[in-house]
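Here are my notes on the model you sent over.

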Amino acid sequence: MEEEEAATLDWMDQAFDMAKEALECGEVPVGCLLVHNGQAIGRGRNEVNETKNATRHAEMVAIDRVLDWCKQHNRDYTEVFPQTVLYVTVEPCIMCAAAVRLMSILSCLFMLGNQMLKCYSFGNTGEPFECVSGYRAKEAVEMLKAFYRQENPNAPKSKVRKKDHRN
């Protein structure tokens, strides 16, 4: 069991490093890994601002990388994903949670979150997955705060006119 816990912490540390990289690139600091049979086969960090594509969340990037890995290794993704664990720094949003469910990913471990995934209703799509939260949560919160304290260089300029209050 200790070996499994050590591996989990190592995967979470790597996801945290991906989140730091995202922050350094002006992205919301979210990073993740998809691990299959003890190997990280998909890594992702937020790329939304960089690509100007709102769907490029860390989980979506990692899923795309797993699909590429499957093609390169002549593996069927429908057999790989159900044996894969997602390690992510922040609880997945509803878009990413739906993708995790549709891909039948085995389980999701995240650092920061309130397990809202249990509240999302996906109907009869995909297999339910186990969620565990709490790894390095304080550090994940601090990274998010750091992002929101800075100005987003990729944000469009405000078009709001300020009223002139001169008398």
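1. Let's start with helix α5. Its buried residues are Cys96, Ala97, Ala99, Val100 and Arg101, where buried means under 20% relative accessible area, exposed means over 50%, and partly exposed is what falls in between (1.4 Å probe, protein chains only). The cover over those buried residues includes α3 and β3. Helices here are DSSP runs of H or I with at least four residues, strands are runs of E with at least two, and both are numbered from the N terminus. Just past the end of α5, Ser104 has a positive phi of about 60 degrees.

2. Some ground rules before going on. This is a predicted model, in which local features need pLDDT of at least 70 and side-chain atom pairs count only at pLDDT 80 or more, while totals for chains, interfaces and linings use all residues. Residues are numbered from 1 along each chain as its sequence is written, and side-chain values use heavy atoms, with hydrogens and water left out.

3. The overall layout: the protein has 6 helices and 5 strands, and from the N terminus on they run α-β-β-α-α-α-β-α-β-β-α. Of its 167 residues, 42% are buried. A contact means heavy atoms within 4.5 Å; among contacts between residues at least 6 apart in sequence, 54% join residues at least 24 apart.

4. How do α3 and α5 sit against each other? Their axes come within 9 Å and cross at roughly 30 degrees, which makes α3 roughly parallel to α5. (Axes are lines fitted to C-alpha atoms, for helices over the stretch in contact, and angles run from 0 to 180 degrees between N-to-C directions. Under 35 degrees counts as roughly parallel, over 145 as roughly antiparallel, 65 to 115 as roughly perpendicular, and the rest as oblique.) Glu59, Met60 and Ile63 from α3 meet Met95, Cys96 and Ala99 from α5. By class, that contact has 5 nonpolar, no polar and 1 charged residues. For the classes, Ala, Val, Leu, Ile, Met, Phe, Trp, Tyr, Cys and Pro are nonpolar, Asp, Glu, Lys and Arg are charged, and the others, Gly among them, are polar.

5. Now the interior. A nonpolar core is a set of buried Ala, Val, Leu, Ile, Met, Phe, Trp, Tyr and Cys residues joined through side-chain atoms within 4.5 Å. The largest one has 22 residues, and Leu34, Ile63, Val66, Phe81, Leu86, Val88 and Ile105 have the most contacts inside it. At least two residues each come from β1 (31-36), α3 (58-72), β3 (84-90), α5 (94-102) and β4 (107-112), with α3 giving the largest share, 6 residues. Apart from this core lies another of 9 residues, among them Leu33, Val35, Val85 and Leu109. In soluble globular proteins, nonpolar side chains tend to be buried together.

6. Thr84 is in strand β3 and counts as buried because its relative accessibility is 0%. Beyond its neighbours within four places in sequence, Thr84 contacts Leu34, Val35, His36, Ile105, Leu106 and Ser107; Ile105 is 21 residues away in sequence but 5.6 Å away in space, C-alpha to C-alpha. Val80, in helix α4 (residues 77-80), also counts as buried at 0% relative accessibility. Leaving out residues up to four places away in sequence, Val80 touches His36, Ile41, Val66, Trp69, Cys70 and Arg75.

7. Cysteines next. How many disulfides does a search of the whole structure find? It finds 0, taking a disulfide as a pair of cysteine sulfur atoms within 2.5 Å. Cys70 is buried, with a relative accessible area of 3%, whereas Cys25 is partly exposed at 39%.

8. Then the helix pair α1 (residues 2-24) and α6 (residues 137-149): their axes come within 10 Å and cross at roughly 10 degrees, so α1 is roughly parallel to α6. Phe16, Ala19, Lys20 and Leu23 in α1 meet Glu139, Ala140, Met143, Ala146 and Phe147 in α6. The residues of this contact divide into 7 nonpolar, no polar and 2 charged.

9. Last, two loop residues to check. Asn37, in the loop between β1 and β2 (39-45), has a positive phi near 50 degrees and is exposed at 65% relative accessibility. Lys52, in the loop between α2 (48-51) and α3, has a positive phi near 60 degrees and is exposed at 62%.
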